[in-house]
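Here are a few friendly exercises on charged side chains and how they pair up. Have the model open beside you and try each task before reading its solution.

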Amino acid sequence: MGGEADPTATAGRPSLAALTGASWKVGVLGFGGPAGQIALMHRVFIDEKRWIDEAHFLRALSFCTLLPGPEAQQLATYLGWLLHGVRGGLIAGLLFVLPGVAVMLGLSWLYAAHGTIPWVAAIFYGVKAAVLGLVAEALVRIGRRALKGWADVAVAAAALAAIGVFGVPFPLVVLAAGLAGLMRPSGAEPSRGEAPRAGRALATAAAWGALWLAPLAGLWLTLGPRHLLTEVAALFSGLAAVSFGGAYAALAYLQQQAVATHGWLTAAQMIDGLGLAETTPGPLVLVNQHVAFMAGWQAPGGGAGLAVAAALLASWSTFAPSFLWIFAGAPFAERFGARARGALVTVTAAVLGVIANLGLWFAIHALFARSWTWRAPGGHAVDLPQLASLDPLAAALALAAGVALIRWHAPVIAVVLGCAAAGVVVRLGF
């Protein structure tokens, strides 16, 4: 169900076992949302293993930012496809999400059954500091390679201002960057592998589309459109098809549907779920799984069984489309001409601005107890920190994590575990 990758597209071709081990590492250590996860993949696949060259990594990243859904999982799938075709894409894509799915399922059950647990909150306090360090490392690593001149810096800054200050939708930012990039063609040559065929791409899309939507169709026919599981599958399948710009771009719509329309959970419970997702390995859209879990847990006649079924269904509906987009579209991304590649280079610079905006948003909410809203020209609401509410211990931990990762190239697992232990000491006084 999809074409094979071009072997010439990689600097080295690992065994499937080696790819599986590296993908498991990325999945287990993939804290920090898309910024931290992209930085981790860059570190593993390029810096440590030297399996992917810089040009292919940036092209894959640029292509994935154009797609709806979790771009970090799509990037993992793309890199696996480059190395071992469809088998590699399945291995890398699945292992990227499965550890987070398992952890989020356990945390959602603890949250629903036992409420706030002090030692869990203390661990998350420290992990958030590590997340900020990972985001900073992502900006440094990707910025060094994506920003080739003042034009790229200007594009990144414009994207940061457009999204963070003026609230321009992410798809429009990407479209504007792509159009601007068409005026600055790249000199890179397209890949020399087999040219992709439209018929194969359509067959791949049809096969994976049918697999993705099969649970929704089955539930619709057997349980009816009003059953909770059918509603969960319909909501998250639809959201997966239109959620351009990552998890934060889809949160407003998700909250409106899950909280206001369906009444599956409260606004406070959804915010808590986002906090769990921010400190869980895997994509930030694992918040979808928490929302569905709480919907099943709190439904009339519901409980643990319905909650687990709804959670796993939400994850399938969210992540399965990524295989469709990559296996059908990646062969064409690998054959982009020089002018189209110039557009992707510019889009990559714009994405750096998006990552910077995400890092600022996260820093405001992780390091400051209170924030205030500034109305920018045009009326967009911008969260700004109340400087007096800075948590100096959290800031110190984040700074230490950033220095350890950027200056000393410390192992990610050591930084995450160290910050988690420090969080327990700080919050519980051990």
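A residue is called buried when its relative accessible area is under 20%, exposed when it is over 50%, and partly exposed in between. Keep in mind that this is a predicted model.

**Exercise 1.** Classify Arg-43 as buried or exposed.

*Solution.* Start with the relative accessible area of Arg-43, which is 7%. The cut-off for buried is under 20%, so Arg-43 is buried.

**Exercise 2.** Find the salt-bridge partners of Glu-48.

*Solution.* A search of the whole structure gives 3 salt bridges. In one of them, Glu-48 pairs with Lys-25, with 3.0 Å between the closest N and O atoms. Lys-25 sits in helix α1 (residues 16-29) and Glu-48 in helix α2 (residues 33-48), so this bridge ties together parts 23 residues apart in sequence. Next, Glu-48 also bridges to Arg-43, where the closest N and O atoms are 3.9 Å apart. As for accessibility, Lys-25 is partly exposed at 33%, and Glu-48 is partly exposed at 39%.

**Exercise 3.** Work out which parts of the chain are linked by the pair Glu-137 and Arg-43.

*Solution.* First, the contact: the two side chains form a salt bridge, 2.8 Å from N to O. Then place the residues: Glu-137 belongs to helix α5 (residues 118-146) and Arg-43 to helix α2, so the pair links distant parts of the chain, 94 residues apart. Both Glu-137 and Arg-43 are buried.

Definitions and conventions:
Residues are numbered from 1 along each chain as its sequence is written. This is a predicted model: local features need pLDDT of at least 70, side-chain atom pairs count only at pLDDT 80 or more; totals for chains, interfaces and linings use all residues. Side-chain values use heavy atoms; hydrogens and water are left out. A salt bridge is a side-chain nitrogen of Lys or Arg within 4 Å of a carboxyl oxygen of Asp or Glu. Helices (H or I, at least four residues) and strands (E, at least two) are DSSP runs, numbered from the N terminus. Buried means under 20% relative accessible area, exposed over 50%, partly exposed in between (1.4 Å probe, protein chains only).
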